[in-house]
Structure formats: structure tokens, C-alpha cells
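Subject: Model for you to look over

Dear colleague,

I am passing on the structure below, together with notes on what came out of going through it. Please read the notes with the coordinates open beside you.

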Amino acid sequence: MNSKINWGILGCGWVARDYVAPGILAASNACLVALSDPDPSAMAAITALSPGMASYTELDRFLQTPGLDAVYIATPNHLHRPLTEAAARAGKHILCEKPMATITTDAEAMVSACRDACVQYGTAFDQRFQARHRALKDLAASGALGTITAARVHYACWTPSDWVPPTQSAHDNWRVDPARAGGGAFIDLAPHGLDLLQWIVGEQIIEVGSLFQRRVFEYPVDDGAVLMGRFENGALLTMNVAYNCPDAFPRRTLEIVGTEAMAIAFNTMGQTPGGSLTLVNAKTGASREVLIPEADDLSPFQSQIAAFSQALLDGAPFAFTPERDLHTMRLLEMASASAGGVRIAITG
Ligand SMILES: NC(=O)c1ccc[n+]([C@@H]2O[C@H](COP(=O)([O-])OP(=O)(O)OC[C@H]3O[C@@H](n4cnc5c(N)ncnc54)[C@H](O)[C@@H]3O)[C@@H](O)[C@H]2O)c1
């Protein structure tokens with residue numbers, strides 16, 4: 001029996017080069033064997049990390065790589081559906097970047113394609129594997145926060161129309177193209193918060209509404225949004241996501257408010273380990289930092305690859321079902337619809 005899963009990456013841009021490939025190379029139960037991207041220079045940046053792996057500009061040749069078990073899809077959002085369908089038809093398991101797709105019907109088709117082909121599908125929400133988020137989930141589940149009343153997320157960045165990822169010199173900024181991204185700051189950033197909060201609180205969000213803005217940039221997608229919602233258990237949620245928030249500001253915060261304690265995770269949302277998790281006691285106001293042993297504070301991408309690979313090696317389902325990801329897609333769509341719907345304006 002195999003002791004490692006052979007991975008290929010479809011789409012070798014920013015997230016693949018800086019986080020996914022290093023995560024696969026670091027996971028003890030995974031190997032990176034093939035790459036595919038229409039841009040050979042994008043692949044070259046990854047082959048430099050581990051020379052000798054196969055790289056293909058043609059999808060069919062990539063999918064025929066001998067021994068390829070699983071495919072990580074890291075392309076612009078509109079390609080997630082056709083590439084998932086092609087990889088599933090070729091019998092490959094799939095971990096696909098968020099958002100699953102630009103519209104829910106595409107996401108549903110992806111899940112059906114994987115089910116029909118008897119391959120596993122997972123959405124790559126790396127933040128589920130951030131060590132401080134896992135500690136926070138355990139604290140919430142243990143009752144240490146008391147009755148959870150509210151959850152808040154602020155997740156934002158600065159994304160002008162000519163935005164270039166931190167470690168790249170040139171970039172085709174598809175994120176502000178509605179056809180390829182499916183929207184702007186909201187569809188890019190809100191999926192992380194919706195997924196994470198439902199997982200940490202341990203309840204589905206069942207009601208959502210939102211307002212969008214185009215305040216700073218002139219591109220045809222939202223550059224900021226607020227979302228409010230309600231969990232099944234009655235806890236409320238608020239979220240502010242933005243492309244118009246200067247990177248120098250505090251802009252990555254997740255808070256869970258309970259009757260016994262409040263948890264504040266700062267600089268934990270994103271692609272990296274680190275940040276801080278602080279608990280404030282409801283009776284005394286005293287705060288203490290939840291410390292994570294250095295050895296456990298791994299790249300969330302590495303931990304995610306290790307978890308998905310292990311599920312495949314064990315023949316077990318991945319811990320996060322496609323159905324929960326479809327629920328998140330439906331929430332995004334409901335919230336977007338409300339953003340274009342009825343507004344109550346105070347006029348005088
Ligand atoms: N989890 C996170 O924190 C995180 C961070 C960044 C991006 N993402 C997601 O990852 C995905 C990729 O984002 P990015 O920032 O890396 O984009 P990017 O533009 O840097 O890279 C995309 C790559 O896909 C390639 N590509 C285009 N068409 C292709 C095709 N048909 N087959 C294979 N490759 C193709 C492009 O040439 C490019 O190299 C998006 O879905 C995005 O939402 C997630």
C-alpha cells in the first residue's frame with residue numbers, strides 16, 4: 001500500500017508557489033509529482049523548489065502523469081468547475097481553492113462530478129488548519145466561552161486594479177474581473193470567515209444579509225462589504241471584508257463573544273501560522289494568551305495537505321464534507337442577492 005499521496009498542482013501562480021507547493025513538499029505523507037499551467041514561467045518558479053518534477057502546459061498530459069493520485073486546483077475561480085470536472089473524470093481526488101466556484105450551480109456540478117467518479121472533493125480552506133483556530137474551536141466546544149452570543153470577523157487588504165502578489169513582479173489581476181472572479185472583495189474574502197465561524201461555533205449560519213460598496217477603486221466589482229447573519233443556535237455574526245483597507249492597518253481579526261469568556265484571534269486569518277489568540281475572562285476582565293507549542297504552529301497549507309492525504313491513504317472521508325462547502329456557497333449567494341436588493345435609507 002502507498003504511504004504517500006502523489007499530488008499535482010493545476011494553476012501555478014501566487015498561492016500555489018508560495019503556500020501549496022511548499023506545503024506538499026513539507027507534508028510527510030505527500031509528494032509533488034506534476035504541475036500544469038499555460039504559463040511555463042509560473043511552473044518554473046515551482047520546479048525551482050524541487051527540480052525534476054513533470055510540468056505540462058496541456059491539461060490532458062498532466063492528468064496522464066503516471067501515479068498521480070490527487071490534484072490541487074489553484075487557478076482563477078471561473079476555472080474551478082471545468083478543471084474539477086476534468087480531473088474527476090480522470091479519476092483524481094481534488095482539493096480546490098476557495099471560493100468553490102463563482103456561482104452555486106457550478107459548485108453543485110463539481111460535487112456531482114466527484115461523486116459520479118467516486119473521487120473525494122475538498123475545498124481548500126487552509127484556515128481550518130491554523131493552529132490558533134483549532135485551539136479556539138476546542139475552547140468553544142469545551143464550553144470555556146459559555147453561551148456564544150456573537151462572532152465578528154474583520155478580514156481586509158489593499159487590492160488596487162494593478163495589484164501584484166507580494167513575491168511576484170507582474171500579475172494578471174483577475175480578482176477585479178467579475179467574469180473570472182465572480183465578484184470582488186466579498187466573494188474572495190467572505191468564504192474564509194463564513195467557513196471558519198461555522199466550524200468554530202459548531203453551528204450552521206442560516207440567515208445572512210449584506211451591503212456592498214465601491215468606495216475607493218473604479219473596477220467593476222465591490223471593494224468592500226459588510227455581512228450580518230444568524231447561526232442556528234441564535235448567535236449573531238458580523239463580518240467586514242475589504243479590498244480598500246491599507247495593509248498597514250490592523251485588518252485580520254476574529255472574535256467570538258461568550259457569556260464566560262471572549263476570544264480574540266489577531267493576525268491568524270490568512271495563509272501563515274502565527275498571530276495571537278487571547279481569552280478575556282467575563283468575570284474578572286483578565287486576559288491571557290493561549291500559547292501554541294512552536295512544533296504545532298505549522299503552515300496551515302501543510303497541515304491541510306497532510307490531513308487530506310491521510311484521509312485518502314486511510315480510505316476515509318475528509319473531515320470537511322462537500323455539503324458544508326455547498327452550504328457556504330449558498331450563504332454567499334443569498335448574501336450577494338440581498339446586497340443588490342431592498343435598502344432602507346434615512347433621507348432627512
Ligand atoms: N486560501 C488562500 O488564502 C488563497 C490565497 C490566494 C489565492 N487563493 C485562491 O487560489 C486561486 C488562485 O489564486 P492566485 O492568487 O494564486 O492566482 P494567480 O493569478 O497568482 O495564479 C493563477 C494561475 O493559474 C494559471 N492558470 C490560468 N488558467 C489555467 C488553466 N486553464 N490551467 C491551469 N492553470 C491555469 C495562471 O497562469 C496562473 O499562473 C483562486 O481561486 C484564489 O481565490 C486562495
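The 18 residues of helix H10 should span 26 Å at 1.5 Å a residue, and because its end C-alpha atoms are 26 Å apart, the two values agree; the expected span of a helix is taken as 1.5 Å times one less than its number of residues. Helices (H or I, at least four residues) and strands (E, at least two) are DSSP runs, numbered from the N terminus. Please keep in mind that this is a predicted model, in which local features need pLDDT of at least 70 and side-chain atom pairs count only at pLDDT 80 or more, while totals for chains, interfaces and linings use all residues. Residues are numbered from 1 along each chain as its sequence is written, and side-chain values use heavy atoms, with hydrogens and water left out.

The buried residues of H10 are Pro-322, Asp-325, Leu-326, His-327, Thr-328, Met-329, Leu-331, Leu-332, Ala-335 and Ala-339, where buried means under 20% relative accessible area, exposed over 50%, and partly exposed in between (1.4 Å probe, protein chains only). These buried residues pack against H5, strand S6 (121-124), helix H8 (185-201), strand S8 (205-213) and strand S9 (224-231), with contact meaning heavy atoms within 4.5 Å.

On a 1 Å grid over the protein atoms alone, a cavity is a set of points where a 1.4 Å probe fits but cannot get out, whereas a pocket is an open set with protein on both sides within 12 Å along at least five of seven lines; lining residues have an atom within 4 Å of a point. Grid points are joined across faces, edges and corners, and a volume is the space filled by probe spheres set on the points.

The second largest pocket has a volume of about 190 Å³. Of the 13 residues that line the second largest pocket, Arg-115, Val-119, Gln-120, Tyr-121 and Pro-322 are the closest to its centre. Helix H5 (104-116) and helix H10 (322-339) each supply at least two residues of this lining, and the largest share, three residues, comes from H5. By class, the lining of this pocket holds nine nonpolar, two polar and two charged residues, with Ala, Val, Leu, Ile, Met, Phe, Trp, Tyr, Cys and Pro counted as nonpolar, Asp, Glu, Lys and Arg as charged, and the others, Gly among them, as polar.

A search of the whole structure for cavities of 30 Å³ or more finds one, and the largest cavity has a volume of about 30 Å³. Its lining consists of Pro-99, Met-100, Thr-123, Phe-125, Pro-191, Asp-325, Thr-328, Met-329 and Leu-332, of which four residues, the largest share, come from H10. Pro-99, one of these lining residues, is found in the loop between S5 and H5 and is joined to Lys-98 by a cis peptide bond, with omega about -15°.

Turning to the strands, S5 (residues 93-97) has four of its five residues buried and pairs with strand S4 (residues 70-73) in the parallel sense over four bridges, two strands being paired if DSSP finds at least two bridges between them. Within this pairing, His-93 of S5 is the bridge partner of Ala-70. Strand S1 (residues 5-10) is largely enclosed by the rest of the structure, because six of its six residues are buried. S1 pairs with strand S2 (residues 30-36) in the parallel sense over six bridges, and Leu-10 stands opposite Ser-36 in S2.

Some single residues also deserve a look. Thr-84, in helix H4 (residues 80-89), counts as buried at 0% relative accessibility and, not counting residues up to four places away in sequence, touches Ile-73, Ile-94, Cys-96, Met-110, Cys-114 and Tyr-121. Met-228 in strand S9, by contrast, counts as exposed at 57% relative accessibility. Cys-118, in the loop between H5 and S6, has a positive phi near 55° although it is a residue other than glycine, and at 69% relative accessibility Cys-118 counts as exposed.

With best regards
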